[in-house]
Amino acid sequence: MSRFFSTKFDDLEPYVPGEQPGNIDNVLKLNTNENPFPPSKNVINALSEDEICRLLLYPDPYCTKLNETLAKELKVDFNNVYTGNGSDEVLAFCFYAFSDKGFAFPDLTYGFYSVFASLFNAETTIVPLRDDFSINIQDYDNITKNIIISNPNSPAGLFLPLDEIKKLIEKNKDRLIIIDEAYIDFGAETAVPLTKIYDNLLIIRTFSKSRSLAGGRLGAAIGNESLIRDLNTIKFSFNPYNVNRLTQIAGTEAIKDKEYFEYTRSEIIKAREYTKYEMKKLGFSVFDSMANFVFAGRHDKISGKEYFEKLRKKNVIVRYFNTPREKDYIRISIATIKEMQKFIDITMEILQEK
Ligand code: PMP
């Protein structure tokens, strides 16, 4: 750290992203929950030479076409949506904008929440997941802080049903409930319709998972008009051009290609169910994930860490979290069926070598 760095950041521990190897030709990359399918052909065709030439101009700071398309898709009004540079930035703005009350969230969840809280000096209450890695909303009963929950949650991929989310919102209307629906398109039920009823609910979405646009960096928030206005106040005080021209086009086209979206997500769901089934057959404990990843481990022949390291030697990258509650498991992103078959074959090889 330089001698110029503000002392208020002395305790800041930045987020460590999953490994992004430069060359993935011979690598089975199952570590950061990206989509194994390329973006829609409509996205590829829309990113024309003409559009690339227009990079000489600033993008639309209001993301008008993108936000109109997203609002229509989600059956909300234009004033109820906000888009940003990846949901990481949207989340960062939320932690910044709504920091007064502080935030409560599970002990095991998306690692960035605690980093944002620390960066923006928001107080936190950490609520342990139950032993089965589930979220029990009663554990949030006496908390007055805002609440942020990823639904489905990582690492296990378990989800909270909509009626539980409704109860959580209704229990205390003076706290903001943020539901991070990064993985919602892989089988759980969205809470977006509830944003029309409750002004203390904000939904976060990403285009990185079910829309194959992780590299485009696009995320969104859906909520009451006043919450969206707050996010815009932060954005226009920070970086009005946070969604670049090409990403605005890519996002718009990705939403419009409903057929491709349905095809890719159903392929991923099929591959996930295949992976769960095969892993269980091989003797792993497997959580009933509704996301595009599977959390598996506690095998009697191999520890989580050894399994992770052996996979790495065979050019398979998965995610390993070395915390007391997660260390017996690995988190495997779901790719195509063919790739998941390869993953299972390699796992069998590793078990046979024991
Ligand atoms: N929320 C959750 C729960 C995530 O797991 C991730 C990334 N893996 C994000 C948000 C951030 O996604 P992005 O910034 O790519 O939109």
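## The ligand and its pocket

The ligand takes up the space of the largest pocket. Here a pocket is an open set of points on a 1 Å grid over the protein atoms alone, with protein on both sides within 12 Å along at least five of seven lines, and a molecule sits in one if more than half of its atoms lie within 2 Å of its grid points. This is a predicted model, so to speak plainly: local features need pLDDT of at least 70, side-chain atom pairs count only at pLDDT 80 or more, and totals for chains, interfaces and linings use all residues. Residues are numbered from 1 along each chain as its sequence is written, and side-chain values use heavy atoms, with hydrogens and water left out.

Around the ligand there are 13 residues (a heavy atom within 4 Å), and Ser-87, Asp-180, Tyr-183, Thr-206 and Ser-208 come nearest.

| Side chain (N or O atom) | Ligand atom | Distance |
|---|---|---|
| Asp-180 | nitrogen | 2.6 Å |
| Tyr-183 | oxygen | 2.6 Å |
| Arg-217 | oxygen | 2.7 Å |

On its own the ligand has 400 Å² of accessible area (Shrake-Rupley, 1.4 Å probe), and the protein covers 91% of that.

Zooming out, the protein has eleven helices and twelve strands.

Note on methods: Polar contact = N/O pair within 3.5 Å; in protein donor to acceptor, adjacent residues only side chain to side chain. 1 Å grid on protein atoms, 1.4 Å probe; cavity = no way out; pocket = protein on both sides within 12 Å on 5 of 7 lines; lining within 4 Å. Helix = DSSP H or I, 4+ residues; strand = E, 2+ residues; numbered from the N terminus.
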